[in-house]
Structures are given as C-alpha cells and as structure tokens.
Amino acid sequence: MNERTLRILEFPKIIAQITSLAATSLGKELIADIKPLNDFNQIRESQQITTETVMILAESDGVPLGGIFDVRNAVKKASLEGILSSHELLEISSTLRASRLMREFLVSKRETLERSRKNSILADWGGCLGSFAGVERELDRCISPEGEVLDSASPVLHNLRSQMKVLQNRIKDKTDAIIRSSENSKYLQDLIVTVRHERYCIPVKQEYRSMFPGIVHDQSASGATLFIEPLAVVELNNQLKIVESEEQEEINRILRLLSSRIKEISAEFLTSIMILGRLDLAFSKGKYSMQLRGAEPELNQSGMIQLYNARHPLLTGKVVPITVTLGREFDTLVITGPNTGGKTVSLKTIGLLTVMAQSGLHIPAEPGSSVGQFTEIFCDIGDEQSIEQSLSTFSSHLSQIVKIIKTVSGPQFLVLLDELGAGTDPAEGAALAMSILTHLHNLGVRTVATTHYSELKAFAYKTQGVKNASVEFDIETLRPTYHLLVGLPGSSQAFEIAGKLGLPDTVINDARGYISAEAMKVEDMLHQIENDHRKARENRRATEEDRLKGERYRAEYETELAKLKREKAEILRQARVESREILLEARRESENLLRQLREAPAEQLPKIVNEARVKITNDLAKINAEVEEPVAESRTDPSMLKTGSRVRALSLNQTGVILEINGDTAQIQLGIIKANLPLADLELIPEEKIHIKTRARKSGETGLEAAKNISAEINVLGLTVDEALYQVEKYLDQAVLAGLRRFRIVHGKGTGALRHAIQGYLKDIPLVKSVTIAEQNEGGLGASIVELKGN
C-alpha cells in the first residue's frame, strides 16, 4: 500500500501509539515495520494473534516481558567463537530467563487460548521458545547482577582474589604506618594513601623528595606534590600486579568458556529472541486494542465494508461514532453536508479502520463489523496545492485523481475523495465530479466521496449502486452533531444558518427568490426528512435505553435468583451433612450404650439407662434453645411465683413445678429432670387450669405429650428392662402433667429383675414419694404402688 495513503490517513500516528506500549527494542523495531497485508490468510492470522493477546491480558495480572534485551549481535559474535564481555553475558542471562518464563506462561494459558479457537498461535509460539536452564544456571553462578565475574566462577579465581586482598591489606598496613609516623609527617603534603598508575603512593612535598626514598609515579599540576611509591611497598605492589594479571587471565578463561556455552545454543537461542520480539509486538497490539475498546473485525474478500458505531482512533474526548456500509447494496457513497460537520472525519475513519484491519489491528467499532481486503487504497483528502509546481488546488486534486483512475480496476480497490470537483466553476466541477464517480462506479471500485454540490445529490438518488449520505446539523445550536445518516442527502442549511445569525428576513426572502420553486421544494423536503429522521433516531435511542434497562433488571433478577438457588442448595447440602453427622453420632452413642448394657451387671442397668435418658433430654433442650424463634415474654409478675407453684417454662414449652427460688432464678422440676430458669421465663398456671387437657406437642417441641384421660395403672408385662423403663418414664411424665398422685405398675413376678429395675429407677426420681409392693388384692409381688409428692 502506497506511503502517501498511509500518511494522509495518519497511520504513522497509530504506529507511534503502539510503539509506546512496547516493552523491548525488539518489539519496537517490528512495530515500526507494520504495514497493511495483502494476503488474506496472513491478515486472519495477524488478527487472531491480536485477539489471543487480548484474551490473555484480560485474564492476567501481567505478562513476563521484562528483562528482554536485543542480544542478537552478541549471540552471533559467540557463534563465531568471539569472547563476550561480562555485561553481554549478563544481558544474555536475563534474556534466557525471560524466554523460559514466557514459555511457561504461554503453556499455562493454552486452555484459555483454545476456548474460542482449536489451534492457538501464541501457545505454539510458547512451545517453540527455548528453555536453557543449564546455561542460565551457569551464567547466574558466574556473573553478578552488576555484570561482574563472581568469585564463585572458579576455585582459581576465588584463590587469586583472596591473595589480592591479603596483599592489599599488607600494603595498606605499611603505608598507614608510614603516614602515621611523626618523623615523616613533615615530609607529606597530605596524610593519605592514593593510587597512581595502579600503584599505591603517598603524596610527598617536592622539597623533601631526597628525604623520602621511593619511586615517583606522578606529580600534581603545580609540581608542589610528588606521588611516591615507598620502597617498603614496591615488592608488595609488584606481587599484587602479578596476581592481578593472573586474575585477568582467569577471568578471560571463564568468559571464553561461557561464550562457548552460548555458541552451543546460538541457533535455537536466536529463534527464541525472534519469537520474543514477535510476542512483544503482539502484546503491544493487544494493549492498544484494549485502550481503544476495539474488536476483531470480520474479514471478507468481496470488498464489502460494514462498520457499526465506528470511532476515529486519534480523536479524543466524546467521539460520535458512525455506522456505515459499502459494497453490499451499493459501491459508491456520496456524503454531503455543511463545513466542519464531520464529512472528512467520516472519510478518514473508513480508510484508517480498513488499513488497521489489514495490518492485524483491532478496530474501534462494535463486534460484528466487517472489513474487506483491498489490494490498494487511494486517497485524495486535504489541500495539497504545490507552489513549486505552480498547481492550483483544483489542479493538485485532479492530478491525484488522474493517477488513481489509471490504476484502479475492480472491487479490490478503495478510493476516498474529499470535496470532489471543488476549486473550479461549480457547474463544471459538479459535472466533472459526476463523470468521475460514474467511471469509478462502472469499474466496480469501492468509492466514498464528499461534496457540496447539490447536483451530486440528485445523481446519487437516480443512479443505481450509488447512495446518498449526510452529516447531521443542529439548526437550533448551529452546531454539527457529527452523526452520519446513510440514505439521506444533506441540505446546506444556508438560509436557516443566516437567519439564526441575524441576517434580515427581507434579505433571506430575496435570496430564496433566486432559487427555483422546484429546488426550494426539494430543500424543504430534505429538511422535513432530516427532522423526521432525527425524531425517529431519538425514539429508537429511548426505546433502546428502555430495552437495555429491562435487560439489566432481568440480568440482575436472574443473577439474584441463581444466587438464591445456590444458597438454597448449599443450605440443603449442609443440612444433609449435619443430619448425617447427627445420625452417625447417635449411632455411635447407641452402640456405645448397647455395649455398656451388655457388659454392665444387672444392678447397674437402671442407672445407665437413666443417665442416657437425662443426656438425651438435655441435648433436646440445648437444640431447642439454639432455634432462632422469638421467645414469648412472661405475663406473670415474678412476685406471684413461690415454691410449689405450677408453671410453664416458655423457652422450653414444658410444664413443671418450682422446687426452689434463688433471686431472679428458680429450680424447676420438669418431668424427670431439674432445670434452673430465670423467673422471666416462667408463666404461672392458675389452679383451675391444672387439670385441663394439655395440647399435643408439635414437631420440634421439647418435653413429652401431655396426658389425656390418663389411667392410674401401667402394664409392662412381657417387656424387657429397657423397654419397661422407657414406658415407665413416659407414663411418669404424663402422670405428673395430669396431676396424678398414685398409680400402679403391673410388672409381674418372674425372677424379680424387672421389679427391682423399676423400683430402683423410681427411687432416684425426686417427685416420687414412695414405691412399695402392692397389697395382695392389688397384685402382690406382681405389681408396685407409686405415690407422688404433692404440690
């Protein structure tokens, strides 16, 4: 694509913005070479790469592009058996590390990248990146972060540097002794040790040169000071120079060895460097797409353009998007409208977005926008009048149009013409413009042209395959709205603008008289169409806002509903888990109880069973207390409560008798258990209601079902000890609730084990006054008489 078109469409500014996002010099070099592609498959591949980088950037905190250097020359030098410097090796080490990290990063993102496409280009690139862990570790061991060869590079180097430190310390000790000597202080210019020509020297006054034996290595600019190496350290300095020379030789040997390691991997490493540069280019394009809120355009080879809400990428502030189509129902678009209304911006937006798409860049338009592949794009936009060539504006434009006409020939060409036919006589200019558009239209060239000529509106209206478009102008504010209206020709709005600016009506009316009635009728019709279109667009906008609001509310409702369903499922899951745990715990306790019953002697069975019942009752009371239900407030004055009063415990919904009152609490006998409860939790039961039938407990309530028409006898014949004790306990609660004072338990004679168990159990119950063998006429040894304590 010709450079003139790219310059006019300001594509270099796009390249400059992308370059600013690059992390490496390699990437910046590749970005500078971005040009529109002509191969359809290459364009699609380039677009896919940009899309993949956007996917990664959207899901990642960062991309490991740091530490990459352009070390191509150093690697090539090593491949030719050259010796690399420590700083070159440091940059190579950093780049090796970057290659490894990027490889690991891209491999980890393969699943993300392959969600939308089966084959991921970036993941394949990551697989081609080299991982040179051995060389990387060797360089890290030998080269410091400052680019110096480390002592750990070799034992010889470590030993030599140790010798150097020893010699330096000995020299320092001797020179310090010399300058601290009181005899020498008068000879010295300064009490310091300095280095001249890599030898340790002492500054001596010129006049005392003969008094201070040693070798002169330098003097001050004034000549007043001589820098003398004392004879006492000459030999030590000589030894130090020898060791330093050996150190340098060892460093060179290490660098030569490391360079040879780079030579071994040079071919594969150069490939990795090239891929790292391409990755920096790709991620720079991805970052630019996210800045623009861009989208990957659909590509076609039919020369069709369909842009939805497209924005010029170089405009800042509030940019009015345009929607435009070309190459489907028509291949020529004629845009009319007032100056500064946005005609040229629309023209450049179409051209620039097409160039960006063919360069593998996302475009600032809505998803679903489509761009054709064009062999060449030609532009004639702006005033390129040339003084040197003595060309007028008209001649300059026409010269470019001549070149365009000689080149284009089909739908694979896109031509953008600004102010076609301007700069000459209006009638001739309009005629020439229509002729040029007809020629391009007959060739099938995709053409977009802007104009002020009214004749072109009629031409576009009458010619099949040519479409009118206009940029909207708000007559109330005298400002353009920048909306592009495809299918509607634009009116000049000259009379309306003149009236708004204060031109007298008489002058405007006279001006209207110079225009034919037919032309005025057309202008009025255009005004009406524009007004109707504007109102329709506003109605559509309001409808769309309502639709979006409805969709937003629906999405919020669905999100909340899904959340509630998840919470419900989680609550049910937790309930099932807790139920299972409760059942397992109950099973463990029951098994433990059965084991105790099997292993315990007979006389301990009642005690074990009673303890188990008490534990179960306490657990039920605890569970009931944890249920988050409002507890009824007592309507009984605490002063009315006394020992022996029959009360209802509101929190437990159970009836009992007060055994003792201690301050704000009372000890209550609830069935077979005692409980300490606050007085505020107790409700007094009037005497007349004591014998009224109590309601059956509901599911989840604590306590036993109240007695209804309870009999004064319970028969446990044929039951096991455990079964009999359970029935006796249940009957005892009912008897207490019903106010029964005496009852008989029929247990039979047998071995006497059942009688002993029952009587032993009842004797431990505080409410039981006595348990005796029944009279002969009531059953004798086969029954027991139980008397309860009164209120």
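Start by selecting Phe378 and Phe413: Phe378 is buried, and Phe413 is buried too. The model on screen is a predicted one. Show both rings. Their centres are 6.4 Å apart and their planes meet at 20°, so the pair counts as stacked, the cut-off for stacking being under 30 degrees. Colour by secondary structure to see that Phe378 belongs to strand 10 (residues 376-380) and Phe413 to strand 11 (residues 413-417). The two residues are 35 apart in the chain, and their pair links distant parts of it.

The structure has 3 aromatic pairs by the rule used here. For another of them, select Phe132 and Phe269, which form an edge-to-face pair with 5.8 Å between centres and 75° between planes. Phe132 sits in the loop between helix 8 (121-128) and helix 9 (133-142), while Phe269 is in helix 12 (residues 266-292). Phe132 and Phe269 are both buried.

Next, select residues 225-230, which make up strand 4. Is this strand enclosed or open? Of its 6 residues, 6 are buried, so strand 4 is largely enclosed by the rest of the structure. Display the side chains: Thr225, Phe227 and Glu229 point one way, and Leu226, Ile228 and Pro230 point the other way. In a regular strand, side chains alternate between the two faces of the sheet.

Strand 2 (residues 199-205) runs antiparallel to strand 4 and is joined to it by 4 bridges. Within this pairing, Val204 stands opposite Leu226. Strand 3 (residues 214-219) also pairs with strand 4 in the antiparallel sense, over 5 bridges. Asp218 stands opposite Phe227 there. Strands 3 and 4 form a hairpin with 5 residues between them. Select Gly223 in that turn; its phi is positive, at about 85°.

Arg196 lies over the face of the Phe227 ring, 4.0 Å from the ring centre.

Finish with the cysteines. How many disulfides does a search of the whole structure find? The count is 0. Cys128 has 48% relative accessibility and so counts as partly exposed. Cys142 has a relative accessible area of 1% and is buried.

Key:
Residues are numbered from 1 along each chain as its sequence is written. This is a predicted model: local features need pLDDT of at least 70, side-chain atom pairs count only at pLDDT 80 or more; totals for chains, interfaces and linings use all residues. Side-chain values use heavy atoms; hydrogens and water are left out. Buried means under 20% relative accessible area, exposed over 50%, partly exposed in between (1.4 Å probe, protein chains only). Two strands pair if DSSP finds at least two bridges between them. A disulfide is a pair of cysteine sulfur atoms within 2.5 Å. Rings of Phe, Tyr and Trp (its six-membered ring) pair if their centres lie within 6.5 Å; planes under 30 degrees apart count as stacked, over 60 as edge-to-face and the rest as tilted. A charge sits over a ring if NZ of Lys or CZ of Arg is within 6 Å of the ring centre and within 35 degrees of the ring normal.
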